[in-house]
Amino acid sequence: MKRVAVVGGGITGLAACLRLLSSDANVQILLYEASDRLGGRVQTIREPHLGITVEAGPDSMLARKPAAMRLIESLGMAEDVVSTRPEATETYIVRDGGLCPMPKGYLGIPFDPSCVRPPLLTEAGLARALEEERLPLDLPEDDAALGAFLRARLGDEWVNYVGEPLMAGIYAGDIDQLSLMATWPSLLDLIRNHGSLVAASRALMAPSSRRQPGSSRSAFITVRRGLSSVIERMVDRIERSGRVEIRAGARVGAVTRRGAAYRFHIDTASGERFEEDVDGVVFAIPPQVAREIMSSVIDLPDVETHYQSTATIVLVYARTAFGPDLARASGFLVPRPEGMAITATTWMSSKWPHVAPESLAVIRAYVGRRHQDEALALSDDELARRAAEEVGRLTGAREHPVWLRVTRFSEAMPNYGLGHLARVERAEAALRASCPSMAIAGAGYRGVGLPDCVEQGERAADQVLAAIRA
């Protein structure tokens, strides 16, 4: 019987395990996770005494990416799917210490002067953004820095107060150091298809282009008992198979060749050291860690993914702390020039129907982005106090939080730099040439969303199976 190791017990590694189990291959699977828990950044906070179910990590999956629903359906959880509340459509952006509605347009790209309410953009800043419709296509043939591309198209002010905070909410990164092709390549298709981003925004916001009420799910979905319940169901399926040995608290220190197979050198949290031989490997861990483990076998090209540390602060208030407008709010974004500790908030109880009883309001604040993460040095108590003070000042909250929780994620958010995809392709090609039964997958490579990670884990499992069968 062949043995396949999966290194990393986040959703990518778990998806790889399930894919290996679903194949007709007669393989034994070894799952190694360096920490004491499975699931990676997926962490659901459940507080029965308050009746809240809220995510500390990722809060949803993109419904349009098929790997999300495919996984949920395969786990028998389709009836647990929850969509966002249709009324929670207002996103705000902070400017000069106040909340301004995000521009009406596709991803905040204005298409006429009525799209933007002052003072979010000055008259000059709005005019510069609308000028984009008259610019020549002038599209990059290769990769470009996302910030430079958007500044050339829509101007500095739109980027600083709309585009950058939007992207910071996804990558906790610096827009001027992110790769266009790895983060937002659909912008190029929009320009090719419509002639400009402004024209594309106008077309996509036309009534005929919008989702009809009740016609389909919202853009984002989650599950009723939180995303940790997806992880729990995945782990249960893996454990019940009888074909997977799960080894939490086991760190793979190095891999060496053992004839046609590989030998793993493993250190456990209890201080034990041992070795195991395997025929194939899925590395579902950050690129630099995988590269170091493999260094005795292959000099893998460096993907150079920067990982940014972040924190989330869940703030629970009495619903009476806020006015009636809360029901329509999905959250607010904080541009860098505002100089605040928090970078964004999601108004969880407004956005999701399952998060809390009607008597409570749950807001989740985010802290930490590249080159602006000084607040992460604060203690948990001080960080929570600072977040609550900033949220209260911006929203006019009439009461203090009744409960709060800080969760930190050390070096957890991948930032894809210029040329990222080319570096990933070089690393993948080197593995195929020298170590075809090894594969790499995860948020550090081809997408940070949960569906992206699931798809990568499944693809890596398929690649390893094909190699060990050859």
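Analyst: Start with one residue pair. D267 has R273 as its bridge partner in β13. Keep in mind that this is a predicted model.

Now widen the view to the two strands. β12 covers residues 261-268. Six bridges join β12 to β13, and the two run antiparallel. In general, strands of a sheet pair through backbone hydrogen bonds, either parallel or antiparallel.

Next, the whole sheet. Three strands make up an open sheet, ordered β11-β12-β13, with antiparallel pairing. β11 (250-258) and β13 (273-278) are the edge strands, and each pairs on one side only. On average, neighbouring strands of this sheet are turned by 25 degrees against each other, direction ignored.

α5 spans residues 156-171, 16 residues in total. Its end C-alpha atoms are only 20 Å apart. A straight helix at 1.5 Å a residue would reach 22 Å. There is also a bend in α5, about 35 degrees at G163. A proline, P165, follows within four residues.

What surrounds α5? α5 is mostly covered, with 12 of its 16 residues buried. G163 and P165 are among the buried residues. The buried residues of α5 pack against helices α3 (123-130), α4 (146-154) and α6 (180-183). They also pack against strands β7 (90-95), β16 (329-333) and β19 (403-415).

α5 is followed by A172. A172 lies in the loop between α5 and α6. Its phi is positive, near 50 degrees, in a residue other than glycine. A172 counts as buried because its relative accessibility is 4%, under the 20% cut-off.

D138 also has a positive phi, about 45 degrees, although it is not a glycine. D138 sits in the loop between α3 and α4. Is D138 buried or exposed? D138 is exposed, because its relative accessible area of 68% is over the 50% cut-off.

One more backbone check remains. P118 and P119 are joined by a cis peptide bond, with omega about 10 degrees. P119 is in the loop between β8 (98-101) and α3.

Technical notes:
Residues are numbered from 1 along each chain as its sequence is written. This is a predicted model: local features need pLDDT of at least 70, side-chain atom pairs count only at pLDDT 80 or more; totals for chains, interfaces and linings use all residues. Side-chain values use heavy atoms; hydrogens and water are left out. The expected span of a helix is 1.5 Å times one less than its number of residues. The bend at a residue is the angle between axes fitted to the seven residues ending there and the seven starting there. Buried means under 20% relative accessible area, exposed over 50%, partly exposed in between (1.4 Å probe, protein chains only). Contact means heavy atoms within 4.5 Å. Two strands pair if DSSP finds at least two bridges between them. Axes are lines fitted to C-alpha atoms, for helices over the stretch in contact, and angles run from 0 to 180 degrees between N-to-C directions.
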